[in-house]
Amino acid sequence: LLDAARLDAGTFALHLDPTDLATKCKQALESMRRQAEQVGVQLALSVPTQPIMLRVDPQRIDQVLVNLLTNALKFTRPGGHVALNVLPLADAVRFEVRDDGIGIDDADLARLFKRFSQLEGGVRRGGTGLGLSISKAIVEAHGGCIGVESAPGRGSTFWFTLPRADSEG
């Protein structure tokens, strides 16, 4: 709620530092391992072997990664899989959190990044409905974009990109 209030007040600030995002992704995934074990979901990570140095707010990017991973774990059945993939592109780096969970209807996709918006299944699984809207604000404050691809019964891929041009350290 504090982040939402800061966004409304215009006092939301980034503290940019050169950061190895490959390492940041490994740390985020490891921080979720116990939760994944508790719900019976396997985690996987695919990152380049080379460091990915971008000038970002490491705490805020961690917040986005953990939010996306937490959501994926919530909506993936026991025995399922969640993967964090990092894909270097020519002018950006793309981060993907893929799951083989319940998926999302096309009609619901537009509501996902709105404040206090939760889909039917999300209300039962807890949360405030703020995580994705705050993640969107963080990614956009870094000059990136965020989105989702999903189909009911086939899982979801939440992705975001961070530009290389203005953020390399």
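Hi everyone! The model is predicted, so local features need pLDDT of at least 70 and side-chain atom pairs count only at pLDDT 80 or more, while totals for chains, interfaces and linings use all residues. Residues are numbered from 1 along each chain as its sequence is written, and side-chain values use heavy atoms, leaving out hydrogens and water.

Let's start inside. A nonpolar core is a set of buried Ala, Val, Leu, Ile, Met, Phe, Trp, Tyr and Cys residues joined through side-chain atoms within 4.5 Å; buried means under 20% relative accessible area, exposed over 50%, and partly exposed in between, with a 1.4 Å probe and protein chains only. The largest such core holds 41 residues, and Phe95 and Phe160 touch the most other members. Among the elements giving at least two residues each are helix 2 (21–39) and strand 5 (92–99). Helices (H or I, at least four residues) and strands (E, at least two) are DSSP runs, numbered from the N terminus.

Now, helix 2. Its buried residues include Leu21, Cys25 and Met32. Leu21 and Cys25 are also in contact (heavy atoms within 4.5 Å) with Phe95. After the helix comes Gly40, with a positive phi near 75°.

Finally, where does Ser46 lie? Ser46 is in strand 2, residues 42–46. Ser46 counts as partly exposed because its relative accessible area is 38%. Asn85 is 39 residues from Ser46 in sequence, yet their C-alpha atoms are 4.7 Å apart. Beyond its neighbours within four places in sequence, Ser46 contacts Leu84, Asn85 and Val86.
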